[in-house]
Amino acid sequence: MRENSSLRERELYQYKYLPSVLQGYRNQAFIEASPRQVDGDIGIGYVKNTGTVFRLYLKELVQHVCIVGRSGAGKTNTIRLLQIELHRLGIPFMAFDLAKLGTRYLKEYMPDLLILRPGIEFFLNALQNPMGVSRTEWRMSFCEVTSEIFDIRTASKLYLNDVVQSLYDRFQEEKPGSCPTMHDLNDELINRRKGRVPRNEIGYINVILNKVNPVCDVLYNCLNVHDGIPIEELLAHPVSVELVGIKSSEIQMWIMSLILAWITSYRETQEMQFGKLRHVFFFDEAAKVLGKGES
Amino acid sequence: MITESFIITCIRRLREYGEGIVFADQCLSSLREVVKSNVYTTLCLSQSGYKDIKEVIRIMGLNPEQAEIILRMKTGEGIIRKAGGRFSYPQLIRIPFVRPKNLSNREIDKLNEKNEVIQHLLKRVKPRETAIEQIESGLKVKKPQAKTNEKDSTSNVKKDLKKLLEALAKNSFEVSTKIMKLAGFSGRKNGSISGSKSVRIKKIAIERGYIKEHKISLGVRGGMRKYMEITDTGYSLLDELCVDYERPRGKGSFEHRLYEHIVANFYAHKGYRVRIEACEYVE
């Protein structure tokens, strides 16, 4: 779409948007930027009342972007625009559709977009450590994310850590080369609860089971794998993971955060990039995880 | 001790490895300060809440004229600001509309079936082995065992049920708690089991139809008293377990027979010879 550049329309905009500003001073409320100042790689929109495209450099995108707006303000559209621009530049991204389907509609613009649906094309083993990352390190990351999302307190988190460790050890002995799954964790907790365990441990087990059990129920097929879809390979493609069918926002956030933690652990085994953009992660409904807990 | 969110730590660490993150949400005010301070570019689209508008003005450093515009922004218009760099002043921008093309699940099914990348990735997925798959692959199927496997095994439950029914058959008209004590289910002394287990065993016995529970008021202090009665299924289990027993004498409902027993017991204590339904009462 092109910006209306006729003088008459510009004046109309000015009148409409800047009633307190004297006429004759174009776009006075905002300091006018020269085209060089808003130049870059990724076009994000037109500077109002001028035809200049506001762009961001890729190195600026590495320092993260925050988009806020009420529902219907155009957030999804902005995200779509960013995704098309990234695709144009050959930068892979990963987006999650949480409340409504959005990214899949960009298939026309990017034929190589991978649309993954849980249990159909998207399979995840949450306990599978990223390549080059030790199981101990990943175990801690998994426990941190799970306890943070499901609001599990420290004592139960440490207990979860212990259970996951024993599960890894058992699999190492019984099925070397195979990784335990969330269902195995669920079974292990149920078996522990059946056994003779101290009362405080029963409390920890119940706390964890109350979270793990629904996750296994909701994502039964998606989590029922020893080796999930290789995330390291997904990082080379534009990917949309559709979590719309999962009605629990906690479980959606758990998947998103876990993948974010997975990417972090995986990236740390690789070389530093020092400002070079390699991949973009779209974190929708960010306040659910990174909020103050008010909404 | 103040601990930082693990996910925020991840976000911080990711920057150095070339991973950009685009956060999106409905209001700026609900995001944590640490997130806002870790973001270079902030794009604020139309906002309606007073708190959110105030927050946008604060975060983006808008002057009164610019602030006034937030209230009047249309769909697709926003104020963008970078934290420093070439041009760190807020700018009013208009975002072009990207027309999406509808795509049904069936169409995605077809597209994904043909998609070589997805098919290649799916080949790497290894399903979880169930017992059947383990047998097929020639592995010995191991049954997962609990840490302590003695507690809830079938044989143990059966043993406990036997104890309970034995005690109940010998003392048919005693209150539940006393029966449990006689069966060795209450208190932790002398190797007996905990109260919670006694409740569980009683529940299992009721569920399986071996016993029935009655709550009867005797008109004395202490409210309703709980009694247990062995059912025909319970007696068949006792037969199966080769336990000697004698069915309590008397006819009619359990409550009727209980009163018979109480009255008979009272007079037997006073030295009378008591008969219930033509059978001699033995204390």
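Guide: Of the 283 residues that make up chain B in this predicted model, 41% count as buried. The chain is built with 12 helices and nine strands. Its accessible surface comes to about 16,800 Å², and carbon and sulfur atoms supply 51% of that area. If you look at contacts in chain B between residues with a separation of 6 or more, 44% of them are between residues 24 or more positions apart.

Now let us settle on one pair of helices in chain B. Find helix α3(B), residues 50-60, and then helix α4(B), residues 64-72. Their axes come within 10 Å and cross at roughly 140 degrees. An angle over 145 degrees would count as roughly antiparallel, so this pair is classed as oblique instead. As for handedness, α3(B) passes α4(B) in a right-handed crossing. You can pick out the residues that make the contact: α3(B) brings I53(B), V56(B) and I57(B), while α4(B) brings A67(B), I70(B) and L71(B). By class, the contact has six nonpolar residues, with no polar and no charged ones.

Here is where the partner chain comes in. Look for F30(A), which sits in the loop of chain A between α1 (7-17) and β1 (42-47). Which residues does F30(A) touch, leaving aside those up to four places away in sequence? They are Q66(B), I69(B), I79(B), P90(B), Q91(B) and L92(B). Is F30(A) buried or exposed? Its relative accessible area is 1%, and buried means under 20%, so F30(A) is buried. Within its own chain, F30(A) lies 9.6 Å from K48(A), C-alpha to C-alpha, and the two are 18 residues apart in sequence.

To finish, step back to chain A as a whole. It has 11 helices and eight strands, and buried residues make up 57% of its 295 residues. Chain A has an accessible surface of about 12,300 Å², of which 48% belongs to carbon and sulfur atoms. Among its contacts between residues at least 6 apart in sequence, 66% join residues at least 24 apart.

Note on methods: Residues numbered from 1 in each chain as written. Chains lettered and ligands numbered in written order. Predicted model: local features only at pLDDT ≥ 70, side-chain atom pairs only at ≥ 80, totals over all residues. Heavy atoms only, no water. Helix = DSSP H or I, 4+ residues; strand = E, 2+ residues; numbered from the N terminus. Buried < 20%, exposed > 50% of the residue type's maximum accessible area, 1.4 Å probe, protein only. Contact = heavy atoms within 4.5 Å. Areas by Shrake-Rupley, 256 points an atom, 1.4 Å probe, with all protein chains shown as cover. Axes fitted to C-alpha atoms, helices over the stretch in contact; angles between N-to-C directions. Parallel < 35°, antiparallel > 145°, perpendicular 65-115°, else oblique. Left-handed = near helix turned anticlockwise from the far one by under 90°. Nonpolar A, V, L, I, M, F, W, Y, C, P; charged D, E, K, R; others polar.
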